[in-house]
Amino acid sequence: MTRRSLLAFLGLLLARPLSVLAAWNEQAFGAKTAADALKGIGVSAPAPSKDIVIDAPQIAENGAVVPIEISSNVPGTTAIAVVIEKNPFPLAARFEFKEGALPFVKLNVKMGETSDVRVVAFAGGQQLTATREIKVTIGGCGG
Amino acid sequence: MAGPMKMRATATGGTTEVRVLMTHPMTTAQMKDQPLHFIQNVVVKQNGKTVIEAEISQAVSRNPVFSFRLKGGAKGDKIEVSWVDNKGESNTIETAVA
Amino acid sequence: MRTLLLSAALLSGIAWAQSPVDVQKVLQRDFQARGQATMDRVVQDGLQRVCTDSHDRPPSDLARQLEADQLKTIDFPPGSLIGDWKRGERIAQGGRGLTWNDKPGAPADGSCYNCHQLSPQEMSYGTIGPSLLRFGWMRGNGPEMQRYVYGKIYNAKAYNLCSQMPRLGHSGTLTPEQIKDLVGLLLDPESPVNKQ
Amino acid sequence: MTRFSATILVLGLTAIPAGAQDTKKEIQKYQQMIAEGSPVELFELEGETLWKKPQGPNNVSLEKCDLGQGPGVLKGAYARLPRYFKDADRVMDLETRLLHCMTTLQGRSRDEATKRVFGNENQPSEMEYLSAYIASQSRGVRLAAGNSHPKEKEAYELGKALFFYRAGAWDMSCASCHGEDNKRIRMQDLPVLYKPQAARPIMATWPAYRVSNSQFKTMQWRLNDCYRQMRFPEPKFASEATNALNTFLTVTAAGEPYRGPGTKR
């Protein structure tokens, strides 16, 4: 780690709110590969499942906003993580669904390039996963 | 100073659909001319009880928009969404289910 | 006869389709120079005027005459016109050049993919111009074809007076070297444009 | 090295196996999903705040600004612009009228009020916020730009002539891109804006939030940026020329229920 990035890292730590809100998984979000990101959130060998549904356009006209809708039909789903495999920092988000929430989320993410988007759902002791490729294109000038 | 938020919560057939908008630059480490500045935590509460806790990264688009679904929900239920970013700034919005 | 009269009128700068307003005067009043986009750009040259007034359907004999004038603007370099297709691909992808926020004198691009399909790998292509997929594979790459492609990129109006394609060489957008690279992209057998 | 890998290495691009129809369908899906997940309402909120904020030497808000339906009436006002305003004796679109109110009501100088009409992602402009709010107050109202006063007819004719006027370093007119059916730039479909069926859905969704740069964009900006890309000099903000073009386009789109502010790529 260079001196500058170490300082930036420490600065980031100091800037962390000492609020009541939940922690932020520095290690997983700082991971530069999908494998490390998954490791960082405790995922190992998740099983592919058709019950994890990713609804997103196959082609995004712009990588700055890629809408993704995710839901899990696996009973007892308590968390969902979104990993954009080719992003510089692949882990995009992790949602914890407590009693009262349905395992569903819709969000907009940035994608640097065409990539698989991997979703991992946590249900009981299970880890289930699905992926979807989203192509990022170069747009025109208009709109 | 955090920019405005906007939220709509509607009850339909035993489910409450929550759509929340947040004003935030969500800058990334790749942007050379701008400091890294992004929301890290989002919490959703239903009548004071935490139902969703999210950790998010700089990969979430500028001016984040989320949709969530909550079980049950009657008109007038209180929904609260708050966020905190990497600089410790935060904002909260509360609305009644329509 | 009728066409001839019209041509004469057009050539002397008088439009037959009288516009109710003098658009050029409005532009001179309501537009401002910015960066390299100077105000002389709103003044139409003869070709632009003929195409505007005829809604891009100029009388054919007049068109032929003006196309011949445009052809004279093209300075064909000697030797092979097939440049480096890899550089050509980058020129075809980019869209910089001649706008008011482009740096004057900085290298420009061809904006080719905005309007044309070229390499099959690029799915984001426009359709204002025809598809150029496998252009060289279908048409060969002999000296005549090289000359045609070079000329067409240099000054598209020499071949089709009211074409929507910019005169990329004539306008000073691209250098002869860059145009040769684009010829390479279209005609080199090794270019992705010509691969199956 | 095989030809195939050489190509991929150099271009780093991915082919789409699906047909053109599927591509189009997926792009439409993308556009629909970004509209559903749009933060555009945040701009409307800020615009409302600015509309009500006292400013300028007179320290008054814009709440008494007459956008054509009477002082302070916002409902449906945007859908009926551009139109002729007697007090200014000219045709004005929303931004031109707002500028008029800033100078007359708030007592601000034209220079100050137009210093920064187009914002950026970190700091949107006052015009952009105000346009978002005011346009949102016309949702569901059919577009009906002025087309009866002689000056409105004049603006329409001038706009039409401008639309087809070829000039600039690249010999372009608006019709170079928006003049033929079923054309696109890159992946973007190009509406043939002189035809009502194409102009309607477009004019009914401007101004708009652009996801590509996270900015809210107005119609004056849209025209400005088209001319930039046409390699023209710059149209002056709120000029007769831009108002004429806007009149031509909006009159062409007449009858379409307004459903903006939109969200675009």
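For the first entry I needed a cut-off: a salt bridge is counted when a side-chain nitrogen of Lys or Arg lies within 4 Å of a carboxyl oxygen of Asp or Glu. I also noted that this is a predicted model, in which side-chain atom pairs count only at pLDDT 80 or more.

**Entry: chain D against chain C**

I checked C:K157 and D:D171 under that cut-off; their side chains form a salt bridge, with N to O at 2.8 Å. I then asked how many salt bridges the rule finds across the interface of chain D and chain C. The count is six. For polar contacts I got 32 residue pairs across this interface, both residues at pLDDT 80 or more.

I next looked up which elements of chain D supply at least two residues each to the side that touches chain C. They are the helices α1 (3-11), α7 (150-163), α8 (174-178), α10 (219-229) and α11 (240-252), together with the strands β3 (183-185) and β7 (234-235). The largest share comes from α1(D), with five residues. By residue class, I recorded 23 nonpolar, seven polar and twelve charged residues on the side of chain D that touches chain C.

For the extent of the contact, I noted 42 residues of chain D and 59 residues of chain C. Chain D and chain C bury about 4700 Å² between them, and 60% of that is on carbon and sulfur atoms.

Strand β1 (residues 31-32) of chain C runs antiparallel to β7(D), and two bridges join them. I located C:Q32 in this pairing; its bridge partner in β7(D) is D:E234.

**Entry: chain D against chain B**

The buried area is about 1100 Å² between the two chains, with 50% of it on carbon and sulfur atoms. D:E41, D:L42 and D:L45 supply 46% of the area that chain D buries against chain B, more than any other three residues.

I counted three salt bridges between chain D and chain B. In one pair I looked up, D:E41 forms a salt bridge with B:R19, the closest N and O atoms being 3.0 Å apart. Polar contacts between chain D and chain B come to seven residue pairs, both residues at pLDDT 80 or more.

**Entry: strand β6 of chain B**

I then traced its partners. Strand β3 (residues 39-46) of chain B pairs with β6(B) in the antiparallel sense over seven bridges. Strand β7 (residues 90-96) of chain B is also antiparallel to β6(B), joined by seven bridges. I used B:V84 as a reference point: B:N41 stands opposite B:V84 in β6(B), and B:V84 stands opposite B:S90 in β7(B).

Last, I looked at the hairpin of β6(B) and β7(B), which has four residues between the strands. There I noted that B:G88 takes a positive phi near 85°.

Conventions: Residues numbered from 1 in each chain as written. Chains lettered and ligands numbered in written order. Predicted model: local features only at pLDDT ≥ 70, side-chain atom pairs only at ≥ 80, totals over all residues. Heavy atoms only, no water. Contact = heavy atoms within 4.5 Å. Buried area = accessible area lost by both parts, 1.4 Å probe. Polar contact = N/O pair within 3.5 Å; in protein donor to acceptor, adjacent residues only side chain to side chain. Nonpolar A, V, L, I, M, F, W, Y, C, P; charged D, E, K, R; others polar. Pairing = 2+ DSSP bridges.
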